Amino acid sequence: MMLATQLTHLAPVDVVILLLYFAMVIFIGFYVKGSTNTSEEFFLAGREMSAWIAGLSFVSANLGSLELMGWAGAAYQYGILATHWYWIGAIPAMLFLGIVMMPFYYISKTHSVPGYLQLRFGEGARGLSGVCFAFMTVLMSGVNMYSMALVMKVVLGWNINFSMWVGAITVAIYVMLGGLRSAIINEVLQFVLIWAGAALIPILGLIEAGGWTSLKAQIIARMGDPAYMHLWSTIGSFDTNPMGVHWTGIVFGLGFVISFGYWTTDFLVVQRVLSANNLRAARLAPIIGSAFKMFVPFFVILPGLLALVLLKDSAGHIIQLYPDGSDMVVNHGAHSFNEVLPLMMVRYLGPGLLGLGITALVAGFMSGMAGNVSAFSTVWTYDIYGAYINKKASDAHYVLMGRWSTIIGMAVSVGTAYLVMGAASIMDYVQELFSFFIAPLFGTVILGMLWKRATKAGGFWGLLAGTAASIGMWLAVLHDKANIRFMILEPHASADTILRVQAMAANLYRALWSWCVCVLVTVVVSYMTKPMPEASLTGLVYGSTVIPHDGSTNLFEKPMFWAIVVATVLFVLNLWLW
Amino acid sequence: MTTPHHVDPSTEQSLSIWFFVGVLMLACGVIIFCEGIYEFSHPPATVLANLHPAFWWGLLMTLFGGFYTIRFRPGKG
């Protein structure tokens, strides 16, 4: 993503908007500090958030700028197939969380996902997931920090050290002061900023392209391949679509394991819903989040598609973008796929609007750091420090530990950011690391919630085996890419197929198999060990728990009604772009 | 380790989350709207500047932000 020259520069009016945002987030940190005195307030925002706030924060925690820019680039590279990551790769899981899983998280009064594992499977599973999660979050926060600094350098020519330290100090201040509450307020702000800052690009783009039908025709004419504009009809084979994916990978790997793993067991997002003020709000929050998530492709995927035919140089020639790190990008000053969103911003947004767009990107990065670091401080304080190091401290002591762990978490993140700066490939590894853990974790949590016979030993060994299997598969592919053919169950796959699938499909199948290993080992070990007494499962497992009425009095208050509405719209959208 | 406090920050505290949203949108909206007026005489070198996006978007944000600022202003409950 390195360029010799910056894309644009900010006018004074843009700087004013950016400064306004910084002033507001710092003010919010100091403002909410007064109401952040207990551990429940610091780590779970007092469980006082309405369904709308928890829902927007839930979807916003995932709407990081790295995501936005990466998927806009993926849409440019692979076409409309990238939308799967926002639709089937998110919505069903979010609805499942709201309808099926949330009651158990909420009734058990757990403060974290590792906390639920402790209640259900004991200390072993909690320790393993807590340590892995804490480790991952500080690394991810560092990756976000470095990415923000890099984007600011590429787009605006800012010094990398300056951007990193300003971002890190601001986030550390507002999370340390206000905990999850301040992180949630900033996530809601970020959500609104992203809509305000980015929605104008697809609107103006569609006007310039002459509407959706005309855009489709132009893209197919330019790419010479209708597959760029179809969601499902081209993924019957690895070789007939630009992404090299197969529908089994999309449905089972992405739509089931990865998506359910991320949206239902990644504490970073689940923590937002746990802050809801009652069971109905906790169930509605993911459903509200899913409705907004469904429209994110409008300002992420659509700009990537628009760029395929509208991004032109001053002479009117279409600008071709290239992969990061390619010869054209590194040696010839060409732009990379990931720059497509900033390039479209610069194309349409003049002074003021550009400042708003850049502020939205900065807010996205900072909120990504804040989300990770607030989840880190919760898991560290509750599930590591409070569970193994100092079990009997006062509530005030744990709040103080939460504040200190925020600062230490940010310091480690800064260290990670510098590490990534030294070797960019570390960034890919960190992102891969996250996937090692999430798919098997989903296997453990879902069996824990839905299957009474799962035992403590089954949960722990299943989680360990699934994680080990995921790491094993990753190492096998790192050692020899040809090993991918076993993961996709095509032992005779050609070198060309392997090359096509290695970027995307390999991750989907690794997640799928590691989940299967986790489930298989959990089931086998559970049957080999003594069943847990029914009484110990109350409030934790389906069948042993009476789920209280959520308080909805009419159809429009029922989470299930809105889940069906969202599912129907999702179905229609998929049919439309079949 | 828990001491629940029954205070709803979106209603009982003096400043609600939606108020922050309103103020930020209003402030940005006014700035962009003013820039949009200026651009009628000094158009920027962007594509489709003839549609005056800053003027219209700024106006929309001002209305949105203004509504939220007033609706959730401190002390309104």
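## Helix α24 of chain A

The expected span of a helix is 1.5 Å times one less than its number of residues. In this predicted model, helix α24 of chain A covers residues 559-576. The helix has 18 residues and reaches 26 Å from its first C-alpha to its last, close to the expected 26 Å.

Which residues of α24(A) are buried? They are A:P559, A:W562, A:A563, A:V566 and A:L570. Seen down the axis of α24(A), these buried residues fall within an arc of 105°, so they line one face of the helix. They pack against two other elements of chain A, α5 (91-107) and α13 (279-293). On the other side of α24(A), the exposed residues are A:V565, A:T568, A:F571, A:V572, A:L575 and A:W576.

## The nonpolar core

The largest nonpolar core holds 230 residues. Within this core, A:V171, A:V188 and A:A285 touch the most other members. Helix α8(A) gives the most to the core, with 20 residues.

What does A:V188 touch, leaving out residues up to four places away in sequence? Its contacts in chain A are A:I53, A:L56, A:S57 and A:S60. In chain B, A:V188 touches B:I17 and B:V21.

## Where chains A and B meet

The contact between the chains takes 39 residues from chain A and 31 residues from chain B. On the side of chain A that touches chain B, at least two residues each come from α1 (12-33), α2 (39-44), α8 (160-198), α9 (200-209), α16 (340-348), α17 (353-389) and α18 (395-422). The largest share of that side, seven residues, is supplied by α1(A). Sorted by class, the side of chain A that touches chain B has 22 nonpolar, nine polar and eight charged residues.

## Chain B

Chain B has two helices and zero strands. Of its 77 residues, 38% count as buried. Among contacts in chain B between residues at least 6 apart in sequence, 70% join residues at least 24 apart.

## Confidence

The model scores ipTM 0.86 and pTM 0.88. For chain B the average pLDDT is 83, and 79% of the residues score at least 70.

Where in chain B does pLDDT stay under 50? This happens over residues 1-12, for which the model has 29 contacts beyond four places in sequence. Where pLDDT is low, the predicted coordinates should not be read in detail.

Note on methods: Residues are numbered from 1 along each chain as its sequence is written. Chains are lettered from A and ligands numbered from 1 in the order in which they are written. This is a predicted model: local features need pLDDT of at least 70, side-chain atom pairs count only at pLDDT 80 or more; totals for chains, interfaces and linings use all residues. Two residues are in contact if their C-beta atoms, placed from the backbone, lie within 7 Å. Helices (H or I, at least four residues) and strands (E, at least two) are DSSP runs, numbered from the N terminus. Ala, Val, Leu, Ile, Met, Phe, Trp, Tyr, Cys and Pro count as nonpolar, Asp, Glu, Lys and Arg as charged, and the others, Gly among them, as polar. A residue is buried if 20 or more other C-beta atoms lie within 10 Å of its own, exposed if 12 or fewer, and partly exposed in between; C-beta atoms are placed from the backbone. The arc is that of the directions from the helix axis to the C-beta atoms. pLDDT is the predictor's confidence in each residue, from 0 to 100. A nonpolar core is a set of buried Ala, Val, Leu, Ile, Met, Phe, Trp, Tyr and Cys residues joined through C-beta atoms within 7 Å.
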